[in-house]
Amino acid sequence: MAEQLKMTGIKKIFPGVVALDDVDFRLLPGEIHALMGENGAGKSTLIKVLTGVYDIDGGEIELAGERVRFTGPLQAQQAGISTVYQEVNLCPNLSVAENIFIGREPRKFGRIQWSETRKRAQASLARLDLDIDVTAQLDSYSLAIQQMVAIARATDVGTTKVLILDEPTSSLDASEVEQLFTIMRRLKADGVAILFVSHFLDQVYEIADRMTVLRNGRLIGEYRTDELPQMQLVSKMIGKELEALEQIEEHAKDTTAVERGTPIVEARELGRDGAIAPFSLTIHAGEVVGLAGLLGSGRTELARLLFGADRPDRGELLIDGKPHTVKAPRDAMAEGIAFSSENRRTEGIIGELTVRENMILAMQAARGWTRPIPRRKQDELVEQYIKALQIRPADPERLVRDLSGGNQQKVLLARWLITEPRLLIIDEPTRGIDVGAKAEIQRLVAQLADGGMAVLFVSAELEEVLRLSHKIEVLRDRRLVEELENGADVDADRIMQTIASGATT
Amino acid sequence: MTSMLRHRLFWPAAVLVVLLASNLVFSNNFFTITLQDGHLYGSLIDILRRSAPLVLVALGMTLVIATGGIDLSVGSVMAISGALACLLIGDLSNPDAVGPVLLVVGAAIALCLVFGLWNGFLVAVLGIQPIIATLILMVAGRGVAQLITDGQILNVHSAPYRVIGAGYFLAVPVSFLIAAAAVGLTVALTRRTALGLLLESVGGSPTASRLAGIRSRRITIMVYVFAAAFAGVAGLIYSSDVSSADSNAAGNLIELNAILAVVLGGTALTGGRFSIAGSVLGAVIITTLDITAVSVGVPVETTLLFKAVVVIILCLAQSATFRAKVFGRFGTKRAEVPA
Amino acid sequence: MIDVSTPPATGPQAQKRGGRRVYRPNTKHIPVLATLALLVVMYSIGVYNYESFGDTQVFLNIFVDNAFLLVVAVGMTFVILTGGIDLSVGAVIALTTTVAATLLAAGWPAGVVLPLVLLIGTVMGLGMGAVIHFFKVEPFIATLAGMFLARGLALLIDRNSIPITNDFWTQMAQKRFRFDDGVFISLNVVIAAIVVLIAAIVLAWTRFGRNVYAIGGNADSALLMGLPVGRTRIAVYTLSGFCASLGGVLYSFYTSSGYSLHGQGLELDAIAAVVIGGVLLTGGSGYVLGTVLGVMVLGLIQTIITFQGDLNSWWTRIVVGVLLFAFIVLQRLVTRKAK
């Protein structure tokens, strides 16, 4: 069958980084094709090249047999390539109907026909089994609905030849995912070539016909889904470094090692409306407490309450057994609590400051602006942590935004370790970083706990939580549903059960 | 790091040199400095003296812009400060006594601090966009200044007051000394303490700063108070220099000139990294422009044209996109790593 | 790395779809309604307190005296809806009136001068829009340069006020549309009304208009949705430039003169009118009707102050400042509630 889309020898260079190096990629009409790879493999870049956001530095793109080169998203769209991005890329201030049709509203004599627009929007959403008020402003709906609206927009174009779905399922629940798959199958039957990106392997195996694997900006291969077992796929995605992860597998989850005296932090029916239902939780010195749950289950919200990043509405927080009001991060910091956010780029590092400045920031903030840390002390601390965490490049005066994700994460960790916290809360520290750095960070967490620090470890990856935690708190639908002592009888299936079914007793 | 800083200040410095050199073409004794009656005289001294108000305002503006804000109200604050000072001096029984004049100066600056608090409150506590928040005082402030002076130009005759803007100390203009002291104070405050780092951090990412435990609200309020205080002093210098309070003329367009000075100096309007030296340089460039116009013999108003051209050239020179389009694709482009 | 966090099947949630919308009143209308209420209250106070305030002509004069401002504010509305700002409008008015007056004095026919001056403003707007879009220069700085450029050019052409005696201009200036009971409106009002009408239609019913809102809502999204962001943005500044020069023409009708200092601070009035009219300064929300109401509020303040007699003009600024504050806080509350 002739390719709907054929990309050959694609090259994309950013200053200092070769994002795509001689990558071939093809899409057949009427297939669902998964683009696989770890973060940093070049998936986003490839998609942006395909949608005309980036221009290529080498290679060719053929669409339906014709050579094309896009100068912007508009050209790509007009050529029949529609995209739904991971974050909802719509205009929150416009109505649902407008968001579906803006740029191609039905018009008569140049005048937009609003009633027709509304009618068509309704129809287009009805195909997704969605019945909502299309005149309402988009941001009055939940993220999942907004995602569906984005898909409605992308698929409504009759001329769609290629549909790109870039992690569309990350904010959808299971039934919504099923709905999306139904739509995808329908479009596939219509002959649309669908490029699908998802981090959920089960979803990929359920829906994709073929897959292309990228790693470090290079093409690893193109495979039929039914001919590539999951384990092989994983090893292709992450390369031979698989063993690096397994090394710490053996780290003892020795619950007896933790002295359970007065907990450093104890939450009693602590909660915040709309964020997390009241929960109770204790964290002791030397203990790693894992938070498990799906995206949006309340993991981050719980962590933020303990740090004072958000204010609780109810319940109380005891630190060293004494009730405490934590109104702001500063208050928590004063009690030796540190929090490294999951949004590294927006809530963590400050890109235009140097590695050194980023590292000493929390300590400096605690001291106040009138008491600067002497430069010699800064240099000592920074050097020490660059070495300990193996941050590369080992240049304290480099701007943090020029570092890779993994090294940025380490800088962020160093920022908090410098404050010598008693409780370290880390939210998704291993997301979007390469495997090597991931293993290093996991090892570090284990070491810190051995040294007596309490760690609250939040991660989307159950394996990681299982591997590191003494105690696992399972969350579901913004509620803490179960606490599990980690032991031989606890495995991913056990946690999955809880997540899937809610409270077990 | 230092080479980058040098690079950043290279263009503004080059502009200043060209400006000064072009003056030489039109007046041979441009660089001559003479001592008359124990006062230094000369075009260069004149530039230093006349830059003082703009340098002061630009200093405050630099700090505000570093936090990602902007302060449009500085001109109005200048007008109010001058108006209040002149009104109070007019009421003094003996306007030539130093003590009462100092009190008046103190009162004027105190009032400006209140205005700074107000701006800071709107921005940091109510969370209003800085450009909008300070627009309020920019509009209302001149009205308040006119209210103080009752719409008149208030003339004052007070020897001590006149020293601020037109006096000399050890042959050096007092206004220049005040500005220099303010620069010294700002540098010490931002680079000797951790304030500079915290400011850049707040400007770089407010959310990340809060989570790092920085009291960004307090810092934000502080910079607006600074900006207002410096503007107040600038207002005093201006009104002292002309021995009157003119609510319309005082600080007219100075907010724009100050922002221009900051941008010329290489501080980005989006906040973060700032350069005090750059802003001072920018302020001197703008003043030199005005003086150059006079010495070249064109109407003073046409400096606006100069400014427009300079802004356009410098903005384009600083615009990464422009450099990329003109000077090739990768040479000067900022690192842009895919998400 | 095997992904085990597949979302669980959740039966009941499927039915919640559609019912998940959070109820809230149409917050977009609140600021406009507030402005309308304010207008009614102000007008009632005027009628109650001052004799003959209720005359229809007094009301119509608000438009007669502010037609030019209305036209400028309409252009500004487009710019602000995209989240930008145009500081050059006052200077463009000065340039327009100066060029028109100079050329007319030199004997050029009105039929040539009129399109020419409109073209000048439009081209300036186009230039600023192009700089903003292509070189990613901030609107604030780019239009600041435009402001300096336009004002500087005007001053270069003529520093004095030039009377306009051209027949066509005088006719236009004196043209009155009288109604049965003797009240009238000027041609300026009719032109302004047409501009408002066209603007309202464009914003509500055309793709260009909707793109303006989309860009103000989220420019990055708009780009990814394939909307012509660059073209729209340039068009918006071009439009504002056109409106400013048209405003300049109306102003020259109104004052029968050209002067390089016309329209000083007018950009602030226009911005204030737009904000008081309920347009969100961050872009994406607001109506032309709101801007009309905003201009009416400004006009009504002037009228009341004139009727009061013992109040001075600076009260206008103070009241406008207070209103700005009130509306900005209102906007803030409304958007915060929406989050």
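**A positive phi within a strand**

Author: E269(A) lies in strand β13 of chain A, which covers residues 265–272; here strands (E, at least two residues) and helices (H or I, at least four residues) are DSSP runs, numbered from the N terminus. This is a predicted model, in which local features need pLDDT of at least 70 and side-chain atom pairs count only at pLDDT 80 or more, while totals for chains, interfaces and linings use all residues, and side-chain values use heavy atoms, with hydrogens and water left out. Residues are numbered from 1 along each chain as its sequence is written, and chains are lettered from A and ligands numbered from 1 in the order in which they are written.

The phi of E269(A) is near 50°, a positive value in a residue that is not glycine. With a relative accessible area of 47%, E269(A) is partly exposed, the class between buried (under 20% relative accessible area) and exposed (over 50%), as judged with a 1.4 Å probe and protein chains only.

Chain B contains 14 helices and six strands, and 56% of its 339 residues are buried. Of the contacts in chain B between residues at least 6 apart in sequence, 77% join residues at least 24 apart.

Within chain B, helix α2 (residues 43–66) packs on helix α11 (residues 254–264) with the axes 8 Å apart and an angle of about 65°, where axes are lines fitted to C-alpha atoms, for helices over the stretch in contact, and angles run from 0 to 180 degrees between N-to-C directions. The pair α2(B) and α11(B) is therefore roughly perpendicular, since 65 to 115 degrees counts as such, under 35 as roughly parallel, over 145 as roughly antiparallel and the rest as oblique. Among the residues that make this contact are L54(B), V57(B) and M61(B) of α2(B), together with A258(B) and V262(B) of α11(B).

In chain C, which has 14 helices and four strands, 55% of the 339 residues are buried. There, the axes of helix α2 (residues 30–49) and helix α13 (residues 288–308) come within 10 Å and cross at roughly 25°, and α2(C) and α13(C) are therefore roughly parallel to each other. The residues that meet include L36(C), L39(C) and Y43(C) in α2(C), and L293(C), V297(C) and I301(C) in α13(C).

Key
Contact = heavy atoms within 4.5 Å.
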